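Here are some friendly notes to read with the structure open beside you. Take them one at a time and find each part as you go.

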Amino acid sequence: MTAREAVEYIESCGWSETRLGLDRTRELLRALGDPQKKLKFVHVAGSNGKGSTCALLEAVLRAAGLRTGLYISPYIQDFRERIQICGEPIAPERLAAITERVRDIAEAMDDHPSQFELVTAVAMQYFWEQNCGIVALEVGLGGELDSTNAIDAPEAAVITNIGLEHTEYLGSTLAEIASAKAGIIKSGCSAVCYDGAAEATRVIKSVCREHSVPLRVADFAAVHPLAHSLQGQRFEWQGLTLEMPLLGAHQLKNAAVALETLDVLRSRGWSISDEAIERGFRSVSWPARFEVLSRDPLFILDGGHNPQCAEALCAVLREYLPQERFTFLVGVLADKDYPNMLARLAPFAESFVCATPASARALRAEDAAGYIRVALGLPAEAFKSTEDAISAALERGRPIVAFGSLYMAGCIRSELPRVLKSRQRKTCLAARRALTRTERAERSRRICAELAALPEVKSARVILSYLATEDEADLAAFHAWARANGKTLAYPVSYSGGIMSAFAPESPEALETGAYGIRAPVVSRSAAVAPEDIDAVIVPCVGFDADGARIGHGAGYYDRYLPQCKNAVAVLAAFEAQRVPRAVQTEHDRRADIVVTEAGACKTS
């Protein structure tokens, strides 16, 4: 079984909301040797904020030197995010091997486990195999009958903000829902809860008394805000000045819950220094929760999916971006209270663009847009793909907030850099092509002089360069200098599939028009050059920034080739007109070590 096959198997199994219970999970875990009984946990339930709280706890516990596990749901971009060790997703080979073992057990059971139960079993086995010191364990649905509640008493049972959710399974009142979530409280643990609705807190206190469990209610007043911006917020707690990238007043409340929990763990003998708390909060990462994906243009992603999340989002927008009007990119599930969610966003909206989340429960984009136009009287358009919706939102020229579903959040995080990069590429191409032929010639001459003056280029024996297209920097003068100074001068030859090789032509005439209309060596009249023998690579680009981040022409040949040139300095050559404040980067992009333009050369940071 491969990791992909493991995920396909797990996701082929349905969810079991209608048959909640622990019997199937316990049977799976018994067959695995009850790995959960050999682990320590902080168990976190709640309607909102439980994921953020888990992320904060894990980051601090890891900073304290512990080998940490993190179990969350759903994932944003990669299934493996759900099971993490010290911030690293489960290794593909272990996901495959453990899932195969769990599958064999599950297929022999009379009552087949659900998708979530299978993942929980895989996670418990992995955490035990990896010798986790403590696991931050997020509840999936409810608490008492959730698969994660197959564990024994945790170190701390934590209950975050409670709202009306999953009423068909958990109850129709806050008290009933609180009772379901308080089911994670067991004799022998400590408990912490969010200071929320009084009727919910009364239930939690009653359950704690029943099990003789000490309870701490998070003290929101102990967290004193100091400053905030779109980069993060700073606050004071018990004499410590803490910073975290999570934004919004609601995250300060989640921070208060996490800090109270850390204090409880300290009281139970866990060694957690103030420095660990400071470092953990500063380094925490929790994507798709008022996450600023781009600053220019401003693009904010929030995976909130219920009215409480919508209200929290509105509060952050009022606090951080007062008086602003937004383009909302929304995708919601049909079984959510989307009328209430959208109504709360409406006062902040200039317009809406709608996409369909990747879920069988999704509300069709056309239906969402139609509802917004009729019920809210605001402009709304539907788009067939998330990529099209992102492009349309960017065309509106307003700050963008994507909201409504974690199912769509991962797609947006994947697609947005590509869309922004494509737009930035077009802008940079236009700026380069706007230079006159005379301007390009003069600036190319100066770039060639700057390249020849670089110590790293002067000392190079083998140089990989490129042959310019009409509107690029013409490096002919530099190539003449390199040949005159005894350098081996190679040029790229591109093949399908993004493969690039280097060849040194036997003479300047041993060239032909190759891929994409670019002059390239005639292979039969050239010597192959191994990438490890190259001392300097002159890298072309469409756009770049001061840090050496570059926007290529789109095929990614250099980004694949540069890592092979282990001994080479990467020198970016371009016109100043191609400079941007910050070049959009995607996963495999490679930065240059030195940037050379007609204005001079500088090493990148």
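1. Let us begin with a helix and its cover: helix H4 (92-107) and helix H5 (115-129) are among what covers the buried residues of H1. Helices here are DSSP runs of H or I with at least four residues, strands are runs of E with at least two, and both are numbered from the N terminus. Contact means heavy atoms within 4.5 Å.

2. Before going on, note that this is a predicted model, where local features need pLDDT of at least 70 and side-chain atom pairs count only at pLDDT 80 or more, while totals for chains, interfaces and linings use all residues. Residues are numbered from 1 along each chain as its sequence is written, and side-chain values use heavy atoms, leaving out hydrogens and water.

3. Which residues of helix H1 (residues 3-12) are buried? They are Ala-3, Ala-6, Val-7, Tyr-9 and Ile-10. These residues lie on the same side of H1, because they cover an arc of only 160 degrees around the axis; the arc is taken from the directions from the helix axis to the C-beta atoms. Arg-4 and Ser-12, on the other side of H1, are exposed. Buried means under 20% relative accessible area, exposed over 50%, and partly exposed in between (1.4 Å probe, protein chains only).

4. Now find the open sheet: its 8 strands run in the order E4-E3-E2-E5-E1-E6-E7-E8, with mixed pairing. Two strands pair if DSSP finds at least two bridges between them. Strand E4 (88-89) and strand E8 (215-217) are at the edges with a single partner strand each, so one side of each has no neighbour in the sheet. Strands E2 (residues 68-71) and E3 (residues 83-85) pair in the antiparallel sense over 3 bridges, and Gly-69 has Ile-85 in E3 as its bridge partner.

5. Finally, look at the charged pairs. The structure holds 37 salt bridges, each a side-chain nitrogen of Lys or Arg within 4 Å of a carboxyl oxygen of Asp or Glu. One of them joins Arg-413 and Glu-291, with the closest N and O atoms 2.7 Å apart. Arg-413 is in helix H15 (residues 406-433) and Glu-291 in strand E12 (residues 291-295), so this pair ties together parts 122 residues apart in sequence. Arg-413 is partly exposed at 23% relative accessible area, whereas Glu-291 is buried at 17%.
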